[in-house]
Amino acid sequence: MKHTFLLIFFQLLALCSFAQGTNDSIIKIDSSSVLTLRTIDDDLSEKYKGDEFNYTFKTGESQNLLARFINWVGQGLSNIFGINISPQLLKIIEYIIYFLLVILAIYLIVKVLINENFNSLFQKKAKIINDINLIEEHIEGIDINNLLSTALEQKDYRLAIRYQFLLTLQKLSKSDIIEWHFDKTNSDYFNEIEQPEIKKGFKKIAYLYDYIWYGEQRIDNLKYTKSVLDFESINQQIQS
């Protein structure tokens, strides 16, 4: 009797659970809500037009320092003079600056590697001045003293500095301190010199020569007289 009562109890419990699940699965339809159909405005593109909606143009923290500076200049022109520069034009200016920086970097690298003045990069290797052809003639066979005297008579002190430098190279070559060749650079000759004092003196006159000759610096008699002391000093060391 007790077992029969428990069996009936569990059957009733199962039946109640089934009925509850059936009621929960019924979808109730809300007939009180009203649906409204929305449309896209025709002037949507005009409404969201402007730099703040241009997501292809980087701003703020996403830009590098150069781009921020260019934008700052552009904003300053707009605020002060009323000149509005488009983001596209600012980007073009940024690319142009990048290009110029690359050209500058290449120039500096080339100058450091070959250790020559910028003007000498675009000059012919054949250094022909006043009938001196350093390709066809060896420096030891040239009467540089005569050419130097002529330059001084004409008060061409810049050319005289060049002849002073060639005269020192001639003395170094005759003394077998360097092995002269028209295609060598001053750095090549500097590395060939073993005597410390002559090496130091050559570095100084090579700097003067590059600055005055390749730098196209106009000098007067006073500056020439002062500069020639360094040439005379190294020449005396070569002869001793």
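The following paragraphs describe the fold, packing and surface of a predicted model of a single chain. Local features are limited to pLDDT of at least 70 and side-chain atom pairs to pLDDT 80 or more, while totals for chains, interfaces and linings use all residues. Residues are numbered from 1 along each chain as its sequence is written, and side-chain values use heavy atoms, with hydrogens and water left out.

The chain contains 10 helices and 2 strands, where helices (H or I, at least four residues) and strands (E, at least two) are DSSP runs numbered from the N terminus. The order of elements from the N terminus is α-α-α-α-α-β-β-α-α-α-α-α. Of the 240 residues, 26% are buried; buried denotes under 20% relative accessible area, exposed over 50%, and partly exposed the range in between (1.4 Å probe, protein chains only). Among contacts with a separation of 6 or more, 58% come from residues 24 or more positions apart, a contact being heavy atoms within 4.5 Å. The accessible surface is about 18200 Å², and carbon and sulfur atoms make up 59% of that area.

Helix α10 comprises 19 residues, 221–239. Within α7 (residues 157–174) lies T168, which is buried because its relative accessible area is 1%. Beyond residues up to four places away in sequence, T168 touches I205, F231, I234, N235 and I238.

In α6, the buried residues are I144, L147, L148 and A151. They cover an arc of only 100 degrees around the axis and therefore lie on the same side of α6; the arc is taken over the directions from the helix axis to the C-beta atoms. K155, which follows α6, has a positive phi near 55 degrees.

Helix α9 also contains Y207. This residue counts as exposed because its relative accessibility is 57%.

The structure holds 1 salt bridge, defined as a side-chain nitrogen of Lys or Arg within 4 Å of a carboxyl oxygen of Asp or Glu. The side chains involved are those of K184 and E192, at an N to O distance of 2.4 Å. K184 is partly exposed, at 24% relative accessible area, and E192 is partly exposed, at 25%.

A nonpolar surface patch of about 870 Å² is formed by L89, I92, I93, I96, F99, L100, V102, I103, I106 and V110. Patches consist of residues with over 30% relative accessible area and no salt bridge, with like charges joined within 9 Å and nonpolar side chains (Val, Leu, Ile, Met, Phe, Trp, Tyr) within 5 Å. One of the patch residues, L89, belongs to helix α4 (residues 87–114). L89 counts as partly exposed because its relative accessibility is 40%.

Note on methods:
Areas by Shrake-Rupley, 256 points an atom, 1.4 Å probe, with all protein chains shown as cover. Expected span 1.5 Å × (residues − 1).
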